[in-house]
Amino acid sequence: MKKRHVTCLVDGCGRRQYARGYCQTHFKQLHTTGVTVPIRPYQPRDPDRVKYAGLRLTKRCAAVLKRRARQRRLSAGAVIADILEQWHLRQRADRS
Ligand SMILES: [Zn+2]
């Protein structure tokens, strides 16, 4: 049986209790500001996405990155960094 955790005391929060009945975020909020405000709810996991290099990507995107990393003998992070650098350079070129 899956262990169910007790949820935060803030209405509609739904996160796991961390201290004094509050989740970590609400506990810190209460501690630093004295009040709690709503925070972004947990996003449900998209079953069509896979984890790759710490990111949740479509299976197709992850497959393309894996292939490129293998071809260039680079790590996943290096391939993603290359793509982002190229994108950034294109953005700068488009602006000038
Ligand atoms: Zn909470």
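Guide: Start with Gln29. Leaving out residues up to four places away in sequence, Gln29 touches Gly34, Val35, Thr36, Val37 and Ile39. Gln29 sits in helix 1, residues 24–33. Keep in mind that this is a predicted model.

Visitor: What makes Gln29 count as buried?

Guide: The cut-off for buried is under 20% relative accessible area. Gln29 has 15% relative accessibility, so Gln29 counts as buried.

Visitor: Why is Arg60 called exposed?

Guide: Exposed means over 50%. Arg60 has a relative accessible area of 70%, so Arg60 is exposed. Arg60 is found in helix 2. Arg60 and Glu85 are 25 residues apart in sequence, and 21 Å apart in space from C-alpha to C-alpha.

Visitor: How does the span of helix 2 compare with the span expected at 1.5 Å a residue?

Guide: Helix 2 covers residues 59–72, which is 14 residues. From first C-alpha to last, helix 2 reaches 20 Å, close to the 20 Å expected.

Visitor: Which residues of helix 2 are buried, and how do you know on which side they lie?

Guide: Ala62, Leu65 and Ala69 are buried. They cover an arc of only 65° around the axis, so they are on the same side of helix 2.

Visitor: What does the face turned away from the buried side of helix 2 carry?

Guide: That face carries the exposed residues Arg60, Arg70 and Gln71. The buried residues of helix 2 have a cover that includes strand 1 (49–52), strand 2 (55–58) and helix 3 (76–95). After helix 2 comes Arg73, with a positive phi near 55°.

Visitor: How do you know where the buried residues of helix 3 lie around its axis?

Guide: In helix 3, Ala76, Val79 and Ile80 are buried. Down the axis of helix 3, its buried residues fall within an arc of 95°, so they line one face. Strand 1, strand 2 and helix 2 are among what covers them. Helix 3 has 20 residues and reaches 29 Å, close to the 28 Å expected.

Visitor: What makes up the largest nonpolar core?

Guide: That core has 8 residues: Tyr52, Leu57, Ala62, Leu65, Ala69, Ala76, Val79 and Ile80. Helix 2 and helix 3 each supply at least two residues of this core. Leu65 has contacts with Tyr52, Leu57, Val79, Ile80 and Ile83, residues up to four places away in sequence not counted.

Visitor: How many aromatic pairs are there, and why is the pair of Tyr18 and Phe27 given its label?

Guide: The count is 1 aromatic pair. The ring centres of Tyr18 and Phe27 are 5.8 Å apart, and the planes are at 65°. Centres within 6.5 Å make a pair, and planes over 60 degrees apart count as edge-to-face. So the pair of Tyr18 and Phe27 is edge-to-face.

Visitor: Are these two buried, exposed or partly exposed?

Guide: Partly exposed covers the range between the two cut-offs, 20% and 50%. Tyr18 has 48%, so Tyr18 is partly exposed. Phe27 has 25%, so Phe27 is partly exposed.

Visitor: How many disulfides does the structure hold?

Guide: The count is 0 disulfides. Cys13 has a relative accessible area of 11%, so Cys13 is buried. Cys23 has 2%, so Cys23 is buried.

Notes: Residues numbered from 1 in each chain as written. Predicted model: local features only at pLDDT ≥ 70, side-chain atom pairs only at ≥ 80, totals over all residues. Heavy atoms only, no water. Helix = DSSP H or I, 4+ residues; strand = E, 2+ residues; numbered from the N terminus. Expected span 1.5 Å × (residues − 1). Buried < 20%, exposed > 50% of the residue type's maximum accessible area, 1.4 Å probe, protein only. Arc of directions from axis to C-beta. Contact = heavy atoms within 4.5 Å. Disulfide = S-S within 2.5 Å. Phe/Tyr/Trp six-rings, centres within 6.5 Å; stacked < 30°, edge-to-face > 60°. Core = buried A, V, L, I, M, F, W, Y, C linked by side-chain atoms within 4.5 Å.
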